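Biologist: Could we go through this model together? I would like to begin with the charged side chains and then move on to other topics.

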Amino acid sequence: MSTQGLAFTGAFHVQNKTWTAVDSYTQEHVHPTTAPNHSTLLDALRNSRDKGLPDIATAPVVAKMYALQCKANKVKHALEFGTLGGYTSIWLATVNPELQVTSLEISEHHRAVAQENLENAGVADRVTIRLGAALDVLPQLAKEIESGAKPKLGFVYIDADKQNNWNYMDRIIALCEQGAVIYVDNIVRGGSIIDAGNPEPRVQGARQVVENAGKDERVDSVVMQFVGEKGYDGMLMAVVR
Ligand SMILES: C[S@@+](CC[C@H](N)C(=O)[O-])C[C@H]1O[C@@H](n2cnc3c(N)ncnc32)[C@H](O)[C@@H]1O
């Protein structure tokens with residue numbers, strides 16, 4: 001599926017006609033308009049745009065890759081940091097009928113729009129948004145997982161305030177099953193990750209999580225660069241040992 005101009009037009013992202021065309025062509029074939037969640041996902045982007053949310057939703061190919069990763073690993077409980085309009089949550093839940101998603105969001109407006117989108121997608125019973133700063137909301141979720149009230153995490157997607165990338169990863173590893181996969185988005189940032197002197201907090205947040213993950217014996221990690229309709233970026237993938 002293509003997002004049909006509904007997302008990713010922000011100035012931060014370098015655009016390239018070939019990358020975008022390749023995404024359009026391949027998605028037309030691997031996620032055609034006949035896919036059950038196709039129109040629902042476009043509706044979510046349209047409603048998010050109409051309600052004034054920023055156009056920073058995860059790229060369709062990346063969100064689908066996460067959904068397929070959950071399917072391959074038969075994940076029962078996924079956690080997302082940063083709900084925005086619920087785009088990735090809808091992907092995860094629609095591709096995986098058994099999956100429970102917990103998503104953390106600081107903005108009341110984003111949460112409200114996401115809730116509309118989840119209801120429209122028919123997955124509101126399996127996606128729970130917890131409102132608040134993720135670092136404040138996490139201790140309660142941790143208690144519920146530690147007490148067995150909620151299953152351990154099989155998949156984590158970190159996509160909120162990038163300065164806290166490492167704080168989030170550090171705290172959730174203990175709540176994950178062995179073999180759980182953690183992704184941290186927007187790591188490459190057009191290549192700016194290699195600039196140690198770049199004062200931009202999001203660049204420093206990307207560098208910190210890569211450097212700390214590499215030293216951490218609880219996980220085995222890799223960084224993947226990618227190009228596409230969202231430009232040039234990449235993510236860190238970590239597997240819990
Ligand atoms: C890049 S967007 C998330 C996109 C979303 N994952 C998707 O797939 O469409 C980042 C979101 O994180 C939220 N956010 C920022 N700081 C946060 C914090 N400290 N705790 C929780 N959410 C936060 C923002 O309000 C925004 O909705």
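Biologist: With which residue does D43 form a salt bridge, and how far apart are the closest N and O atoms?

Modeller: This is a predicted model. In it, D43 forms a salt bridge with R46, and the closest N and O atoms are 2.9 Å apart.

Biologist: How many residues apart are D43 and R46 in helix 2?

Modeller: They are three residues apart in helix 2, so about one helical turn separates D43 from R46.

Biologist: How many salt bridges does a search of the whole structure find?

Modeller: The search finds 10 salt bridges. One of them joins K51 and E116, whose closest N and O atoms are 2.7 Å apart. That pair links distant parts of the chain: K51 is in the loop between helix 2 and helix 3, E116 is in helix 5 (residues 108–121), and the two are 65 residues apart.

Biologist: What is the relative accessibility of K51?

Modeller: K51 has a value of 35% and therefore counts as partly exposed. For E116 the relative accessible area is 35%, which means that E116 is partly exposed.

Biologist: And which residue does R218 form a salt bridge with?

Modeller: R218 forms a salt bridge with D170, with 2.7 Å between the closest N and O atoms. Because R218 lies in the loop between helix 8 (201–215) and strand 6 (219–228) while D170 lies in helix 7 (residues 165–172), this pair ties together parts that are 48 residues apart in sequence.

Biologist: Which residues do salt bridges with shared partners join into one network there?

Modeller: The network consists of D170, D216 and R218. R218 is partly exposed, at a relative accessible area of 33%, and D170 counts as partly exposed at 30% relative accessibility.

Biologist: Let us change topic to the aromatic rings. How many aromatic pairs are there?

Modeller: The count comes to five aromatic pairs. Y66 and F155 form a tilted one, at 5.6 Å centre to centre and with 55° between the planes.

Biologist: Why does the pair of Y66 and F155 tie together parts that are apart in sequence?

Modeller: Y66 lies in helix 3 (residues 60–72) and F155 lies in strand 4 (residues 153–158), so their pairing ties together parts that are 89 residues apart in sequence. Y66 counts as buried, at 0% relative accessibility, and F155 counts as buried at 0% as well.

Biologist: What are the centre-to-centre distance and plane angle for Y66 and Y157?

Modeller: For the aromatic pair of Y66 and Y157, the centres are 4.5 Å apart and the angle between the planes is 50°, which makes the pair tilted. With Y66 in helix 3 and Y157 in strand 4, the parts that this pair ties together are 91 residues apart in sequence. Y157 is buried, at 0% relative accessibility.

Biologist: Which residues form one aromatic cluster with Y66?

Modeller: The cluster is made up of Y66, F155, Y157 and Y183.

Biologist: Moving on to helix 4, how many of its residues are buried?

Modeller: Eight of the nine residues of helix 4 (residues 87–95) are buried, so the helix is largely enclosed by the rest of the structure. The buried residues are Y87, T88, S89, I90, W91, L92, A93 and V95.

Biologist: Where is H31 placed?

Modeller: H31 is in the loop between helix 1 (17–30) and helix 2 (38–50). It counts as buried, at 7% relative accessibility.

Biologist: Which side chain does H31 join in a polar contact?

Modeller: The side chain of H31 is joined to that of N37 by a polar contact of 2.8 Å.

Note on methods: Residues are numbered from 1 along each chain as its sequence is written. This is a predicted model: local features need pLDDT of at least 70, side-chain atom pairs count only at pLDDT 80 or more; totals for chains, interfaces and linings use all residues. Side-chain values use heavy atoms; hydrogens and water are left out. Helices (H or I, at least four residues) and strands (E, at least two) are DSSP runs, numbered from the N terminus. Buried means under 20% relative accessible area, exposed over 50%, partly exposed in between (1.4 Å probe, protein chains only). A polar contact is a pair of N or O atoms within 3.5 Å; within protein, one must be able to donate a hydrogen and the other to accept it, and residues adjacent in sequence count only if both atoms are side-chain atoms. Rings of Phe, Tyr and Trp (its six-membered ring) pair if their centres lie within 6.5 Å; planes under 30 degrees apart count as stacked, over 60 as edge-to-face and the rest as tilted. A salt bridge is a side-chain nitrogen of Lys or Arg within 4 Å of a carboxyl oxygen of Asp or Glu.
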